[in-house]
Amino acid sequence: MELEIRDIQKRYGKKQVLKKAGLTAGKGQCTGIIGANGCGKSTLLRVLAGAEKADGGGIFLDGRKISNPSREMARYTGYIPQESVLMPELTVADNLKLWASFGDYRENLKRLADLSDQFRIKDFYKERVKNLSGGMEKRVNIVCALLHEPEILLMDEPSAALDLVFKQELKMYIRDFIQKGGSILLSSHDEGELSLCQNLWAIKEGETHKVPEGLSIEEITSKYIA
Ligand SMILES: Nc1ncnc2c1ncn2[C@@H]1O[C@H](COP(=O)(O)OP(=O)(O)OP(=O)(O)O)[C@@H](O)[C@H]1O
């Protein structure tokens, strides 16, 4: 599914974070968003996940304008925010059941079994979330985002906190997901993650810019980040 945004605007109080954000995340592609700390990458992903409302602009899926993002985007996208979405006092198993109940519970539970194997979270099903390490909690968050089999993944610095083995496994998962026709929009400062992207967009002063192919990291940094 192709995700396109046009002229997205978002302000917090007097601060206009996104002035004119537009980009396309194509089907079967991993698209990266880069930019300095605080430029609005997470804000844009929250808007696309339907977690926050834009002040203006449009979101399109396969060319169709989404009229109610807070409802529709949650259906089509799996959102992996930087912060955890889990309830710390509940066990991993209870959190997963709660997430599975948002949608088709039986289908989600079937997928949960496979995802739990793949992301190796079964061993800590009985742990309370507050006792997990940051990396373990991240893995459970990733599984929650994938339970409803989304066609688009919105990932906000997804491999932060993961150990080296799991970073590699997440890379393999991303490659596999796009090979099967999924679309990924990923915000990152990590060269390893960005190397997975076929396209890069930079946010600078509230506007998006398509990063031309073939630029070195130094050129990208001086043009869009410094
Ligand atoms: N809920 C909020 N209320 C007020 N200001 C906010 C809110 N969320 C974000 N901001 C501000 O919006 C700007 C963009 O923040 P955002 O987290 O989107 O940046 P980012 O590019 O993801 O940064 P980083 O690379 O550090 O993760 C920042 O100045 C931030 O302080």
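The model is predicted. Its protein chain has eight helices and 10 strands. Along the principal axes, the C-alpha atoms of the chain fill a box of roughly 45 × 40 × 35 Å. The radius of gyration is 17 Å, which agrees with the value near 17 Å for a compact globule because the chain has 226 residues. Of these 226 residues, 36% count as buried. Among contacts between residues at least 6 apart in sequence, 73% join residues at least 24 apart.

The UniProt record, an unreviewed entry, places the feature "domain: ABC transporter" at residues 3–225. That span is 36% helix and 26% strand, and its end C-alpha atoms lie 25 Å apart.

In soluble globular proteins, nonpolar side chains tend to be buried together. Leu185 shows which parts of the sequence meet: leaving aside neighbours within four places, Leu185 is in contact with Leu3, Ala25, Thr31, Ile33, Leu48 and Leu154.

Which residues are around the ligand? They are Tyr12, Val17, Gly35, Asn37, Gly38, Cys39, Gly40, Lys41, Ser42 and Thr43. By class, this shell has three nonpolar, six polar and one charged residues. Helix α1, residues 41–48, gives the most to the shell, with three residues.

Notes: Residues numbered from 1 in each chain as written. Predicted model: local features only at pLDDT ≥ 70, side-chain atom pairs only at ≥ 80, totals over all residues. Contact = placed C-beta atoms within 7 Å. UniProt positions renumbered as here; feature names shortened; annotations may be inferred. Helix = DSSP H or I, 4+ residues; strand = E, 2+ residues; numbered from the N terminus. Near = placed C-beta within 6 Å. Nonpolar A, V, L, I, M, F, W, Y, C, P; charged D, E, K, R; others polar. Rg over C-alpha atoms; globule rule 2.2 N^0.38 Å. Buried ≥ 20, exposed ≤ 12 C-beta atoms within 10 Å, placed from the backbone.
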